[in-house]
Amino acid sequence: MTACRKAAGHYSHLLAKELIPLSILTPSRPPARKPRPTAPFVPELVYFEPDALQYPKGERILNWVREQGIPYRMTTSHNRITNLPGETESEQYKIAKRTLVVGLRKTLEFDQSKPSADYAIPIATGCMGHCHYCYLQTTLGAKPYIRVYVNTDDVIAAAKRYIEQGAPKITTFEAACTSDPVGLEHITGSLAELITFMADEPLGRLRFVTKFPHVDSLLGLKHNGHTRIRFSINADYVIRNFEPATSRFEERLEAAGKVARAGYPLGFIIAPIIWHDGWEEGYGELLSRLALAMPPGTTGKGLTFELIQHRFTKTAKSVIEKRYPKTKLEMDIEKRKKKWGRWGQNKYVYPDEQQNALREFLTERIFEHFPEAGIDYFT
Ligand code: SF4
């Protein structure tokens, strides 16, 4: 802008005398290139369990796979994919992250999902994102491919039982414990099924979190305010360095605006909060950008924040260093505080002083910009 103004000023005498069109005199600046929107995920290889094709959803996915021209194979079990292509382990890992396995969910006992919800509701396992810090690196171990389940009716029936057992209290279900289900929704439609089911459950609530912006198919659904959609956001440094193969911050915000306007309860998860050089500016800027970008009327009462500091286990550290050898993710055990983990492994969090600084800073900034919002937890 300044450059253009200066240039126009320089030629102003000619303009007055000879009436040269301004467009000729003003050096045209190439229009800022709009970054390409994140494309919905298309796997490179798909496996089907034969039984999955007995279900309408399995059949629908098979048709989609054929239309897309994606190669597919049959497998006896979604838990035993052994012949993935790739010469090295690292190649196989990359391919696995772009491999979809369509099967049946056999275990209908739900895991607990504290502090975010009472139970994890299983509709998918695995994710196409490459977040360096993701805990799926360890929990999925040698099975990083993406499994989706076609027997959603069984999953919903199990959820109904949990709701009945929990009555008269409200039972909450987290659909993003083992995956990013929004990133798979265009293939499965499973979130839509859960949302419409939960809409008619006075004592059931659904929630999920995403780093993907593909929410359009959810906007017109009946939800009755029983589903909270949250977006994972972070300081620019964290998104740039540690979240490859997810969407840009602006896209997440745009999607957040859409779901808020569709009447869904909205939330933001800042996770993992990472102590880095300039973290105060980074997180301060994150919250001011968020406040500026959200449409009026979408960030009042009912908006929630969840704050999760970075943590890792020794196993996670060695897996991450192998899979992302150039990562800048700081995982120095000496600089961390040991905390007993629920899964029997010690995890490493920030020492109290750092934790307190992060918590206080973020809490202040959140209430400065969003005085009516609630902070569900800092962990
Ligand atoms: S988007 Fe979420 S689930 Fe997917 S890799 Fe990143 S942190 Fe893991």
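Which residues are buried in H11?

## About the model

This is a predicted model, where local features need pLDDT of at least 70, side-chain atom pairs count only at pLDDT 80 or more, and totals for chains, interfaces and linings use all residues. Residues are numbered from 1 along each chain as its sequence is written.

## Helix H11

The buried residues of H11 are Phe 249, Arg 252, Leu 253, Ala 255, Ala 256, Val 259 and Ala 260 (buried: 20 or more other C-beta atoms, placed from the backbone, within 10 Å of the residue's own). Seen down the helix axis, they fall within an arc of 165°, so they line one face of H11 (the arc is that of the directions from the axis to the C-beta atoms). Their cover includes strands S10 (227-233) and S11 (266-273) and helices H10 (236-242) and H12 (279-293).

Helices (H or I, at least four residues) and strands (E, at least two) are DSSP runs, numbered from the N terminus. Just after H11, Gly 263 has a positive phi of about 85°.

## The open sheet

Five strands form an open sheet in the order S2-S1-S3-S7-S6, with mixed pairing (strands pair if DSSP finds at least two bridges between them). Strands S2 (72-74) and S6 (124-125) are at the edges with a single partner strand each, so one side of each has no neighbour in the sheet.

S1 (residues 45-48) and S3 (residues 99-103) pair in the parallel sense over four bridges; Val 46 has Leu 100 as its bridge partner in S3.

Notes. Buried ≥ 20, exposed ≤ 12 C-beta atoms within 10 Å, placed from the backbone. Contact = placed C-beta atoms within 7 Å.
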